[in-house]
Amino acid sequence: MNRLLVALLFASFVAFSFRPLEPVRPGRETTPTTASAEPVKLSWEVLRDVTFKKKWYAEESVYMLYPTFGQGIQKLNGKTVDLTGYVLPVDLESNLYVLSAFPYSACFFCGGAGPESVVSLKFKKTGKKFKTDERRTFRGTLKLNADNIYELNYILADAEMIEE
C-alpha cells in the first residue's frame, strides 16, 4: 500500500509538472569518457540529455511524461557513476531516498524542477539514514528507466555514499 501511494505521488507530480526541456546541444555535451574502469563523475547537466512527451497510461488513467534519452546519457547506462546532490527521504521505513539536483524547497516534487533532476537511490546495503537536504555524493550503477511508471527515469542501483 505504501509503495502504491509513493507511485501515485510520483505519477501525479510527473503528470502535472510537464514543461518542455531544452536538450543539451551538440558540441556542448559534458559526458565524460567511459573507457576507464574508474567511475564516471556524472553531472546534473548530463542528465538533462533527455526529452519528454506526454503519453497516456491506461492502467493508471493518467498522462505521464515518457522520456527519450539522448545518446550522451545512453552511453552511461549500466556504467558506474558518482553523482552529488541533495538527499530527499521519501519513505524512511522502506529506506527509499531520492537524490536531487536541488534542495527540497526547489526540487521536482515541489514543482520547481523537471523529472531529469531526480535520481532514485537503490542502496547496496540498507540501514544508513539521511536527513532532508544533506548534500552527499553517491556511487552506483546508472540505470535508465523509460518503461516502469512506478520508478523514476534515473536509478542509481547498488548505491553507496562516498566520502569526499
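Modeller: The hairpin is formed by β2 and β3, with 4 residues between the two strands. In its turn, Ser61 has a positive phi of about 55 degrees. This is a predicted model, so the angle is a computed value. Strand β2 covers residues 50–57 and strand β3 covers residues 62–69. They pair in the antiparallel sense, over 8 bridges.

Asn95 is not a glycine, yet its phi is positive, about 55 degrees. Asn95 sits in the loop between β4 (80–91) and β5 (96–100). With a relative accessible area of 10%, Asn95 is buried, as the cut-off for that class is under 20%. Leaving aside residues up to four places away in sequence, Asn95 touches Phe123, Thr126, Gly127, Lys128 and Lys129.

Asp158 is not a glycine either, and has a positive phi of about 55 degrees. Its setting is a strand, β8 (residues 154–162). Asp158 has a relative accessible area of 44% and is partly exposed.

Next, the charged pairs. The structure holds 5 salt bridges, among them Asp82 with Arg139, whose side chains meet at 2.6 Å, N to O. Asp82 is buried, at a relative accessible area of 10%, whereas Arg139 is partly exposed at 30%.

Another of the salt bridges joins Glu134 and Arg136, with the closest N and O atoms 2.8 Å apart. Glu134 counts as buried at 17% relative accessibility, while Arg136, at 28%, counts as partly exposed.

Glu45 and Arg48 also form a salt bridge, and their closest N and O atoms are 3.4 Å apart. Here Glu45 is partly exposed, with a relative accessible area of 29%. Arg48 is likewise partly exposed, with a relative accessible area of 29%.

To return to the part you asked about: the hairpin comes down to β2 and β3 with 4 residues between them, and Ser61 in the turn has the positive phi.

Definitions and conventions
Residues are numbered from 1 along each chain as its sequence is written. This is a predicted model: local features need pLDDT of at least 70, side-chain atom pairs count only at pLDDT 80 or more; totals for chains, interfaces and linings use all residues. Side-chain values use heavy atoms; hydrogens and water are left out. Two strands pair if DSSP finds at least two bridges between them. Buried means under 20% relative accessible area, exposed over 50%, partly exposed in between (1.4 Å probe, protein chains only). Contact means heavy atoms within 4.5 Å. A salt bridge is a side-chain nitrogen of Lys or Arg within 4 Å of a carboxyl oxygen of Asp or Glu.
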